Amino acid sequence: MEALETSATLIQYIIVKMGDEQFGIDISYIDNIVRMQSMTRVPKVADYIKGVINLRGEVIPVVSMRIKIGIDPDEYTNKTRIIIVKAEEYGRIGIIVDEVREVITLNSDDIDRISKSKDDRATYLQGVGKVNDTLVSILDLNALLSTEQA
Amino acid sequence: MDVSQYLEIFLDESREHLQNLNKQILQLEQEPDNMDVINEIFRAAHSLKGMAGTMGYKRMQTLTHDMENVFSEVRSGNIKIQSNMIDILFQCLDALEGYVANIQESQDEGTNDNEAIIKMLNDCINPSAGGAEAPKAASAEEGKEEAKAEAGAGWAKINLDSTQQKAIAEAAEQGKHVYGIDVKIQESCVLKAARAFLVFKAIEENGEILISEPSAQDIEDEKFDFDFSLVVVSEDSLENTLAAVKSVSEIDSATGKEVTVADFSAEKEEAKEEAKEEAKEETPATTAPAVAAPTAPAAPAASASPAKADNGKKQASKPVVGRTVRVDIEKLDVLMNLVSELIIAKNSLEAAATTSKEGSSDNSAINEQLEYLESITTNLHESVMKVRMVPIESVVSKFPRMVRDLSKKLDKKMELYMTGEDTEMDRTVVDEIGDPLMHLIRNSADHGLESEEIRRQRGKDPVGSIFLDAYQEGNNVVIEVRDDGNGIDVEAVRAKAIERGTITPEQAQTMEDKDIINLLFLPSFSTAKKITDVSGRGVGLDVVRSKIESLSGEVEVKSKLGEGSTWTIRLPLTLAIVQALMVVVGDEKYAISLGSIQTIEDVRTQDIKLVQNKEVINLRGNVIPLVRLSQVLDLENPKEDGESMVVVIVKKGDKYAGLVVDELIGQQEIVIKSMGTYINKNKIISGATILGDGEVALILDANALI
């Protein structure tokens, strides 16, 4: 038991909302959060790549998280944000989310690992965390950004 | 022939290759089976060998040649990389670095043959002998190093003239001490000259500095590395003198020894000779120790090898190559990015000023300042771009010498004719283009040109010609390497490809000559019967192609058997900025590089014909296929055809295509931005750019559309 307690670490997550569900993204991956802006469509690419944006002189691809995790296509509102993450393999990438809510701190013990089932969506999740009685799905960014078709 | 003007570029490139080799060998130690790394090392060694040969540095060439041999064996799988080999390779690199350092000091590679290392390298190829021999050779090398270190006291290398010798003798008579002192300043020290001055001052409190090496003037001007040597006359003890020196901060070490005139025996001998033949001002230092060694064996300085005496001289002379700042191209890229951002910011300001005009009345002051800002940003932009442009002369000017040497080595008569050396290109491109061109010229000289006899038999001028022509063509720079030699024997290539299993006999029958010639660009494909040190290992052409392609250029070869071949390299003028035509397709903006655009035509819809179910137009006798961009780019709502349409005619080689666009915006200078690796973009999109209003526009690659 003791060993388990000492191995527990605190990780900060940014909570984003997609539809009715809340997702957590490890804050250490996040470079920036910007408002929704006009995007340039890129022809002949995967459907989840919505286009490219200009982020202070750098051209950055933007991914629709909704399409990637297989829920209804995006509706852009005032609260829509693009989260710029730094992916190890690909450099900076933008992810469109419905809303950015808050930053929370979770103990790694509070996250239940879920078995990677055949369920499509589960492959993008690292686990499920509990915050004030609500559940937060912790995203596995590398799996989410993977270019392999699920 | 004087090669001094190419020295600097040789030094720069050698260092780059050595650095690369260091890196790759380190990686090889981790992954001894990584073929990519082995290939990379092989190529770097190959290039280094070629460069050293061009400049006439024989020892360096020999060493790299042997190194290359080892990797040739490794590459073909005959031997495996072992840890002792890595050690040897590093020693090899150190030796090469030694040559390069010597060359920078004196234009001479020095006299060290590094036979021990060469032997070890050769032992690697014959492993039976290698196991026993390698350690021995290594220890011998170590022993040598130690001997050098002992003899290497700096002050012993100081040349004394007769008055100084007299002064030392006088001081000894007066009961004063004479010390030779070596001082080393910490490498982190910023103000070396100031520290050296403090050392001088500390010593002069109790004594007198007879002579310093480098001279006091040079030390004051910071013309020394981190150490200098002094001969000091003092009444104080050696310990006190050294302590005084060490009390100055940022001094790494100070070592010294009480000396007499005899310790400068090499020079003493020289002085004797001088006395004998007073007409001769100075005899070469190299001859002196040979005489000195038997006569004064007790003096430590006498054991200095000839090489060391040489070094002493070299330290005295100033480096022959001036120092330039090599700016990392990435830093320039950052600068460039900032400038383009500045321009974008300025454009947005302009837009804001125009829109607010309606609200307020007094905008003239703002507009004036905006115009001022605009002229600054434009100038800044141009300057940054110019910094990146250099003439290719710096690279090609070393080729005449190379061809001359090749002519001797291959025993063929040949002449190199060059034009367009002043063609300017982006620094990144110029830096990289040297190796591929060198390979192509060697290739022409070795494989292309025939021997004098055969040329006579064929009724050609016995002196073969190689041409190197560079010129600008639109947004591209074209470099052609042409020879009037034998041309490529397509049948020989075909036979070789079948023999090697690259293609099957069936394939060979159906392949066109052009495709067969392209096989030459495959790795390890060489038709030369024997391996020479000029070419024939099959590293050349695949390096050429991969290099050119990495610069987003292309290489083509045209050849006629018996008449010669032409290698055409086409490269973008600059990797960062191009002139482009902005067009509108649907509601999206795209950029098309001006380099590939021939004309812009207004085509009436009724003039479009169908040939094999494809739309074509007949333009002044040429039948040109039409490409509807709205279809290619998957636009959702393509515009209906009106009475006429705008067609941009683009050209690739001798093929044309007409791109149908909806609207033209105009010509614009665009900054090419990478889209990263995440978007696995289609070939028709070659990149992206940021427009004045901050919007991103994609750049169409016309070549991919044809």
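**A loop position and the rest of the fold**

Modeller: B:Asn613 counts as exposed, because 5 C-beta neighbours lie inside 10 Å. The model is a predicted one. B:Asn613 sits in the loop between strand S15 (609-611) and strand S16 (614-619) of chain B. Its phi is near 65°, which is a positive value in a residue other than glycine.

The loop between S16 and strand S17 (622-628) of chain B holds B:Arg620. Phi of B:Arg620 is near 45°, again positive in a residue other than glycine. B:Arg620 is exposed too, since 7 other C-beta atoms are found within 10 Å of its own.

A positive phi also occurs just after helix H2 (residues 35-55) of chain B. There the residue is B:Gly56, with a phi of about 85°. H2(B) itself is largely enclosed by the rest of the structure, because 16 of its 21 residues are buried. The length of H2(B) can be checked as well: at 1.5 Å a residue, its 21 residues should span 30 Å, and the end C-alpha atoms are 30 Å apart, so the two values agree.

Next come two packed helices of chain B. Two packed helices are described by the angle between their axes and the distance between the axes. The axes of helix H4 (residues 83-106) of chain B and helix H5 (residues 115-125) of chain B come within 10 Å and cross at roughly 145°. The crossing of H4(B) and H5(B) is left-handed. H4(B) contributes B:Met85, B:Ile88, B:Gln91, B:Cys92 and B:Ala95 to the contact, and H5(B) contributes B:Ile117, B:Met120, B:Leu121 and B:Cys124. Sorted by class, the residues of this contact are 8 nonpolar and 1 polar, with no charged residues. An α-helix has 3.6 residues a turn, so residues three or four places apart point the same way.

Strand S6 (residues 414-419) of chain B runs parallel to strand S8 (residues 464-473) of chain B, and 6 bridges join them. B:Met414 has B:Gly464 in S8(B) as its bridge partner. S8(B) also pairs with strand S9 (residues 476-483) of chain B, here in the antiparallel sense and over 8 bridges. In that pairing, B:Tyr471 has its bridge partner in S9(B), namely B:Val478.

The other chain to describe is chain A. Chain A has 3 helices and 11 strands, which run α-β-β-β-β-β-α-β-β-β-β-β-β-α from the N terminus on. Of its 150 residues, 31% are buried. Among contacts in chain A with a separation of 6 or more, 51% are between residues 24 or more positions apart.

Finally, the two chains meet. Here 19 residues of chain A are in contact with 24 residues of chain B. On the side of chain A that touches chain B, strand S4 (49-55), strand S5 (58-64) and strand S7 (91-97) of chain A each supply at least two residues. S4(A) gives the largest share, 4 residues. By class, this side of chain A has 10 nonpolar, 6 polar and 3 charged residues.

Terms used. Residues numbered from 1 in each chain as written. Chains lettered and ligands numbered in written order. Predicted model: local features only at pLDDT ≥ 70, side-chain atom pairs only at ≥ 80, totals over all residues. Buried ≥ 20, exposed ≤ 12 C-beta atoms within 10 Å, placed from the backbone. Contact = placed C-beta atoms within 7 Å. Axes fitted to C-alpha atoms, helices over the stretch in contact; angles between N-to-C directions. Left-handed = near helix turned anticlockwise from the far one by under 90°. Nonpolar A, V, L, I, M, F, W, Y, C, P; charged D, E, K, R; others polar. Expected span 1.5 Å × (residues − 1). Pairing = 2+ DSSP bridges.
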